[in-house]
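Subject: A structure for you to look at

Hi there,

Here is the structure I promised to pass on. Please open it alongside this note and have a look whenever you have a moment.

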Amino acid sequence: MAFHEVRFPDKISRGARGGPERRTQIVELASGDEERNASWANSRRRYDVAYGIRRADDLAAVVSFFEARNGRLYGFRFKDWGDYKSCLPSGTPSPTDQSIGTGDGTTTVFQLVKRYASGAQTWTRTIPKPVAGSVRIALAGVEQPSGWSVDTMTGVVNFSAAPSAGVAITAGFEFDVPVRFDSDTLDVTLDLERLGSITSIPLLELRR
């Protein structure tokens, strides 16, 4: 997958709109009852970053970023200000935030994930783009300052020695969303009073 490890400008993404999207098929029966089926096992996020453009310089930055990515051709990192931590938005990532596995004495590779829970239901999201320098790891609740490394291009944690059997492996981190532009066109409206605007700049999450 063609991808540039560069982040969309934070000052513009802060004003973006968007979030997770699901795909559900609903069939209404003659009785009025419904049959519902989830077409996607995982959600996919969509954003519109046009709302973050407030100055002519912002517009120029978006145009430059769009041209450098060749429109929809190359993916890139995007900071979703509403969901970019392993913890609550008001908190600071802790090495015990998210469970990423249990040691078996053999396995040395674990994928960063984030779990979303409500009641008895939980959905697990793969985190492929952690922010460099933000990842913290703990074994059995004890933070490990060394003995591991993380690939910030995939979110895979590698231990130099396999964690012992039964040991809980947890992590805390900040992360970006891998996205691409969802249009090969930027519809720029020139306006002397507003110094230019773009009606819509859609972004779409890239899934593995």
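This is a predicted model: local features need pLDDT of at least 70, side-chain atom pairs count only at pLDDT 80 or more; totals for chains, interfaces and linings use all residues.

Residues are numbered from 1 along each chain as its sequence is written, and side-chain values use heavy atoms, leaving out hydrogens and water.

Let's begin with the cores. A nonpolar core here is a set of buried Ala, Val, Leu, Ile, Met, Phe, Trp, Tyr and Cys residues joined through side-chain atoms within 4.5 Å; buried means under 20% relative accessible area, exposed over 50%, and partly exposed in between, using a 1.4 Å probe and protein chains only. The largest one has 18 residues, and F8, F181, I201 and L203 have the most contacts inside it. At least two residues each come from α2 (56-68), β6 (75-78) and β16 (177-181), with α2 giving the most, four residues. (Helices, H or I of at least four residues, and strands, E of at least two, are DSSP runs numbered from the N terminus.) Beyond its neighbours within four places in sequence, I201 is in contact (heavy atoms within 4.5 Å) with Y47, D48, V49, A50, I53, V62, F181 and L186. A second, separate core has 15 residues, including L112, V113, V135 and L139.

Next, the strands, which count as paired if DSSP finds at least two bridges between them. Five bridges join β2 (residues 17-21) to β5 (residues 44-48) in antiparallel fashion, and P20 stands opposite R45 of β5. Three bridges also link β5 to β19 (residues 202-205), again antiparallel, with R46 opposite L204.

There is also an open, antiparallel sheet of three strands in the order β8-β14-β13. Its edges are β8 (109-111) and β13 (148-151); each has a single partner strand, so one side of each is left without a neighbour in the sheet. Three bridges join β8 to β14 (residues 156-159), and F110 has V157 as its bridge partner.

Finally, take a look at R125 in strand β10 (residues 121-126). Is R125 buried or exposed? R125 is buried, with a relative accessible area of 5%. Its side chain makes a polar contact of 2.8 Å with that of Y116; such a contact is a pair of N or O atoms within 3.5 Å, and within protein one must be able to donate a hydrogen and the other to accept it, with residues adjacent in sequence counting only if both atoms are side-chain atoms.

Enjoy exploring!

Best wishes
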